[in-house]
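Subject: Structure handover

Hello,

Here is the structure to look at. Please open it beside this email, and the notes on what was found follow below.

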Amino acid sequence: QVQLVESGGDLVQPGGSLRLSCAASGSVFRIYVMGWYRQAPGKQRELVASISSSGRLSYIDSVKGRFTISRDNGKNTVYLQMNSLKPEDTAVYYCNANAQTYNTGPPSNYWGQGTQVTVSS
């Protein structure tokens, strides 16, 4: 099993910044993609940003230019730097990893417990 532990969520003012981190541990053989999802009140969970093991990046349009996803493959850790935060960024942010626990098995999706980000004056 793969465990994902998130941290960094907090209450911040509009225009502020926050840095989320997510560390994978446990029976990690290989992680192909790590990403950040968020779920705002009354909305479906959406993919915010992702990064592959080769460095391919993806962002939803609403966060381009404001959020940056990065990784440390040696530590199996992914980060989300969030700048110029807006109230509409308020959500529970979930880390996700597409990973194998052994080399002949199919990859599976693993989820963190979520960390609350609240943007409010």
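In which strand is T77 found? T77 is in strand β8, which covers residues 77-82. Strands here are DSSP runs of E with at least two residues, while helices are runs of H or I with at least four residues, and both are numbered from the N terminus.

Before going on, a word on the source: this is a predicted model, where local features need pLDDT of at least 70 and side-chain atom pairs count only at pLDDT 80 or more, whereas totals for chains, interfaces and linings use all residues. Residues are numbered from 1 along each chain as its sequence is written, and side-chain values use heavy atoms, with hydrogens and water left out.

T77 first. Its relative accessibility is 8%, so T77 counts as buried. Buried means under 20% relative accessible area, exposed means over 50%, and partly exposed is in between, using a 1.4 Å probe and protein chains only. A polar atom of the T77 side chain lies 3.0 Å from the backbone oxygen of K75. Apart from its neighbours within four places in sequence, T77 is in contact (heavy atoms within 4.5 Å) with C22, A23, M34, S70, R71 and D72.

Next, the salt bridges. How many does a search of the whole structure find? The search finds 4. A salt bridge is a side-chain nitrogen of Lys or Arg within 4 Å of a carboxyl oxygen of Asp or Glu.

R38, E46, R66 and D89 are linked in a network of such bridges. R38 pairs with E46, with 2.9 Å between the closest N and O atoms. E46 is partly exposed at 33% relative accessibility, and R38 is buried at 6% relative accessible area.

R38 also meets D89 in a salt bridge, at 3.0 Å from N to O. R38 lies in strand β4 (residues 30-39) and D89 in the loop between β8 and β9 (91-100), so this pair ties together parts that are 51 residues apart in sequence.

D89 is buried, with a relative accessible area of 1%. D89 forms a salt bridge with R66 too, the closest N and O atoms being 2.7 Å apart. Because R66 lies in the loop between β6 (57-59) and β7 (67-72), and D89 in the loop between β8 and β9, the pair ties together parts 23 residues apart in sequence. R66 is buried as well, at 11% relative accessible area.

Regards

Technical notes. A polar contact is a pair of N or O atoms within 3.5 Å; within protein, one must be able to donate a hydrogen and the other to accept it, and residues adjacent in sequence count only if both atoms are side-chain atoms.
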